Amino acid sequence: MMTNILTVAEIKDYQLRHVSFEAIALGRQLGEVTTLLINGTDDMAGQLAAHGADRILTVTDEQLTPYSSDGYTQVIQAALDAVSPDYLILGHTAVGKDLAPVIAVRRQAGLITDVVAYSDGHFKRPIYSGKAFEEKTFNSDFRVVTIRPNNFAVLNIAGAGTVEPLDVTIKDLRTTINEIVQKTTAGVDLAEAKVVVAGGRGVKSAEGFNMLQELADVLGGAVGASRGATDAEYCDYSLQIGQTGKVVTPDLYIACGISGAIQHLAGMSNAKVIVAINKDPEANIFSVADYGIVGDLFDVVPMLTDAFKAA
Ligand code: FAD
């Protein structure tokens, strides 16, 4: 019998998050994929189909915007009843991390989180702040998986892509969100950025971060930071990368004036290519870097920006 997969598409700033397509790609390795799209548009349904979804279930209800655990849990429960999947796949994002354990407990499912690779029934995930990996398999009939963004190649093969509304009555929401105070400005989402230009205490000021933003803009990337920089108030805490910040897996990570403390490495050491700029040749960041530039970042960063602009 065909294995059934349910994935949940995530929307941020009126766009589908890239991890939604990655979830479909993993789902296609396992079986036939139904994707749940909550308060999305026809165009988004089309994008999900173009990235391999066999079926798209749409739910539209104003009570589901903004996101609430309660409301989304009710919709996912209804979708699980409709699809009876073997797997539920979510992004390892704030939303996925919120929903996956709730659903796993309610449905007596096994749960494997923060998955970065899959092969032959084995789900690989980092442990000990990225210093090692473990591979896990499921014993349960129903299985819940969260995937770390930027680790699965998305597909550009259209699935059957049928779109069907799913009828759900949302009831008895136990909390109301009265206000959302948005801290970060619009731009490339740090968690999913292909290029991250990160600054540390060596950047020395908030103005120094403008210089990093310029380089990030030229490369179509996002700016991140070490805790040294966020604690010094050079930038917002939402940019912090590491053990107590965000975990990122970009194609290119440029660390500027960051020493490479173990807690910072926990958030970025799995980036595909790491470039470190530091004036101290003994800085620990060079131990994980693919390319190291020993120099003053105030000279090097503008040079890189100019060179990429000219390229
Ligand atoms: P520093 O260690 O002060 O390094 C600054 C670097 O800049 C130096 O290497 C210096 O050589 C270089 N530099 C200075 N000037 C220049 C220049 N002009 N050009 C080039 N290079 C220059 N940290 C995180 O980042 N993320 C976390 O999530 C995190 N969680 C933590 C959790 C716990 C429980 C604890 C205890 C700590 C945590 N930390 C975290 C803090 C961490 O231990 C380090 O203190 C922090 O990462 C240091 O930040 P930094 O590298 O920016 O600063």
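This is a predicted model: local features need pLDDT of at least 70, side-chain atom pairs count only at pLDDT 80 or more; totals for chains, interfaces and linings use all residues.

Colleague: How is a pair of packed helices described?

Modeller: Two packed helices are described by the angle between their axes and the distance between the axes. Take α5 (residues 206-219) and α8 here: their axes come within 9 Å and cross at roughly 25 degrees. Angles under 35 degrees count as roughly parallel, so α5 is roughly parallel to α8. The crossing of these two helices is left-handed.

Colleague: Which residues of α5 and α8 make the contact?

Modeller: From α5 come Met 211, Leu 212, Glu 214, Leu 215, Val 218 and Leu 219. From α8 come Leu 297, Phe 298, Val 301, Pro 302, Leu 304, Thr 305, Phe 308 and Lys 309. By class, the contact of α5 with α8 has eleven nonpolar residues, one polar and two charged.

Colleague: At what angle do α3 and α4 pack?

Modeller: Helix α3 (residues 69-83) packs on α4 at about 50 degrees, and the axes are 10 Å apart. The two helices are therefore oblique to each other. Their crossing is right-handed. On the α3 side the contact involves Ser 69, Tyr 72, Thr 73, Ile 76, Gln 77 and Leu 80, and on the α4 side Asp 98, Leu 99, Val 102, Ile 103 and Arg 106. Six of the residues in the contact of α3 with α4 are nonpolar, three are polar and two are charged.

Colleague: Now the spaces. How many cavities of 30 Å³ or more does a search of the whole structure find?

Modeller: The search finds one. The largest cavity holds about 30 Å³ of space. Its lining consists of Val 8, Glu 10, Leu 90, Gly 91, Val 95 and Gly 96. Both β6 (87-91) and α4 (94-106) supply at least two residues of that lining. Three of the lining residues are nonpolar, two are polar and one is charged.

Colleague: What is the volume of the second largest pocket, and which residues are closest to its centre?

Modeller: The second largest pocket has a volume of about 490 Å³. It is lined by 28 residues, and those closest to the centre are Arg 201, Ser 226, Gly 257, Ile 258 and Ser 259.

Colleague: Which helices and strands supply at least two residues each to the lining of that pocket?

Modeller: They are α6 (227-231), α7 (262-268), β16 (273-278) and α8 (297-310). The lining of the second largest pocket has 15 polar, seven nonpolar and six charged residues.

Definitions and conventions. Residues are numbered from 1 along each chain as its sequence is written. Side-chain values use heavy atoms; hydrogens and water are left out. On a 1 Å grid over the protein atoms alone, a cavity is a set of points where a 1.4 Å probe fits but cannot get out, and a pocket is an open set with protein on both sides within 12 Å along at least five of seven lines; lining residues have an atom within 4 Å of a point. Grid points are joined across faces, edges and corners, and a volume is the space filled by probe spheres set on the points. Helices (H or I, at least four residues) and strands (E, at least two) are DSSP runs, numbered from the N terminus. Ala, Val, Leu, Ile, Met, Phe, Trp, Tyr, Cys and Pro count as nonpolar, Asp, Glu, Lys and Arg as charged, and the others, Gly among them, as polar. Axes are lines fitted to C-alpha atoms, for helices over the stretch in contact, and angles run from 0 to 180 degrees between N-to-C directions. Angles under 35 degrees count as roughly parallel, over 145 as roughly antiparallel, 65 to 115 as roughly perpendicular and the rest as oblique. A crossing is left-handed if the near helix is turned anticlockwise from the far one by less than a right angle, and right-handed if clockwise. Contact means heavy atoms within 4.5 Å.
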